[in-house]
Amino acid sequence: MKPVLQAFAFATLFALLSAPAPAQEVKAGDLVITQPWSRATPGGAKIAGGFLTIENKGAAPDRLIGGSGDFAGKVEIHEMAMNNGVMTMRPLDKGLPIEPGKTVKLAPGGYHLMLMDLKIPLKQGDKVPLTLEFEKAGKVTLSLDVEGVGAQAPADHSGGHMKK
Ligand SMILES: [Cu+2]
């Protein structure tokens with residue numbers, strides 16, 4: 001019976017993982033922010049990436065200029081890019097422009113928030129409050145869903161499989 005039960009468990013897990021997610025959506029003025037997430041920090045790492053999608057539904061450009069959270073000493077906005085075949089990362093000192101009618105995605109391998117001087121380890125399943133600051137829309141607080149160490153994209157949270 002055991003192999004059958006295991007197969008059933010895997011099938012159930014797969015069903016939960018592939019179910020459509022009701023995305024977390026936070027509004028700040030004309031901006032709509034969806035699916036903010038981060039990754040678990042293994043072995044006492046003091047740095048983590050923050051990822052999310054920002055859509056500008058207004059008629060004027062805005063700019064992501066910073067962020068803060070109690071869990072991190074510092075939050076920077078970074079860009080990752082290939083430079084002569086080497087992956088490099090640099091802070092965007094003037095922030096990240098969010099043009100009207102456009103959607104900007106912060107994702108692994110591209111733009112990201114750099115969460116630095118972490119005061120607590122990020123654990124899979126945690127929700128970490130983070131405040132973003134925009135030039136026009138002002139400050140908005142959301143919560144980062146912490147995914148597994150190697151995650152490349154946010155997981156679905158519809159099935160509640162990450163709840164403790
Ligand atoms: Cu970075």
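Modeller: Let me start with the polar contact, which is a pair of N or O atoms within 3.5 Å; within protein, one must be able to donate a hydrogen and the other to accept it, and residues adjacent in sequence count only if both atoms are side-chain atoms. You are looking at a predicted model, in which local features need pLDDT of at least 70 and side-chain atom pairs count only at pLDDT 80 or more, while totals for chains, interfaces and linings use all residues. Residues are numbered from 1 along each chain as its sequence is written, and side-chain values use heavy atoms, with hydrogens and water left out.

Colleague: What does the side chain of Thr-41 reach, and at what distance?

Modeller: The side chain of Thr-41 comes to 2.9 Å from the backbone nitrogen of Leu-122, which is within the limit for a polar contact. Thr-41 itself sits in the loop between E2 and E3, where strands (E, at least two residues) are DSSP runs numbered from the N terminus.

Colleague: How do you know whether Thr-41 is buried or exposed?

Modeller: Buried means under 20% relative accessible area and exposed over 50%, with partly exposed in between (1.4 Å probe, protein chains only). Thr-41 has 9% relative accessibility, so it counts as buried.

Colleague: Why is the aromatic pair of Trp-37 and Phe-51 called tilted?

Modeller: A search of the whole structure finds 1 aromatic pair. In that pair, Trp-37 and Phe-51 are 4.7 Å apart centre to centre, with 40 degrees between the planes. Rings of Phe, Tyr and Trp (its six-membered ring) pair if their centres lie within 6.5 Å, and planes under 30 degrees apart count as stacked, over 60 as edge-to-face and the rest as tilted, so an angle of 40 degrees makes this pair tilted.

Colleague: Which parts of the chain does the pair tie together?

Modeller: Trp-37 belongs to strand E2 (residues 31-39) and Phe-51 to strand E3 (residues 48-56), so the pair ties together parts that are 14 residues apart in sequence. Trp-37, at 3% relative accessibility, is buried, and Phe-51 is buried with a value of 4%.

Colleague: What makes E3 largely enclosed by the rest of the structure?

Modeller: Of the 9 residues of E3, 8 are buried, so the strand is largely enclosed. Two strands pair if DSSP finds at least two bridges between them. E3 is joined to E2 by 6 bridges, antiparallel, and to strand E8 (residues 103-106) by 4 bridges, again antiparallel. A further 3 bridges join E3 to strand E9 (residues 112-118), and these two also run antiparallel. Glu-55 of E3 is the bridge partner of Val-32, and in E8 the partner of Glu-55 is Thr-103. In E9, Leu-115 is the bridge partner of Ala-48.

Colleague: What makes the contact between Asp-145 and Lys-127 a salt bridge?

Modeller: The side chains of Asp-145 and Lys-127 meet at 2.5 Å, N to O, which is within the limit of the salt bridge rule. The pair links distant parts of the chain, with Asp-145 in strand E11 (residues 138-147) and Lys-127 in strand E10 (residues 127-134), 18 residues apart. Asp-145 is buried at 9% relative accessibility, while Lys-127 counts as exposed at 52%. The side chains of Asp-145 and Lys-127 are also joined by a polar contact of 2.5 Å.

Notes: Salt bridge = Lys/Arg side-chain N within 4 Å of Asp/Glu carboxyl O.
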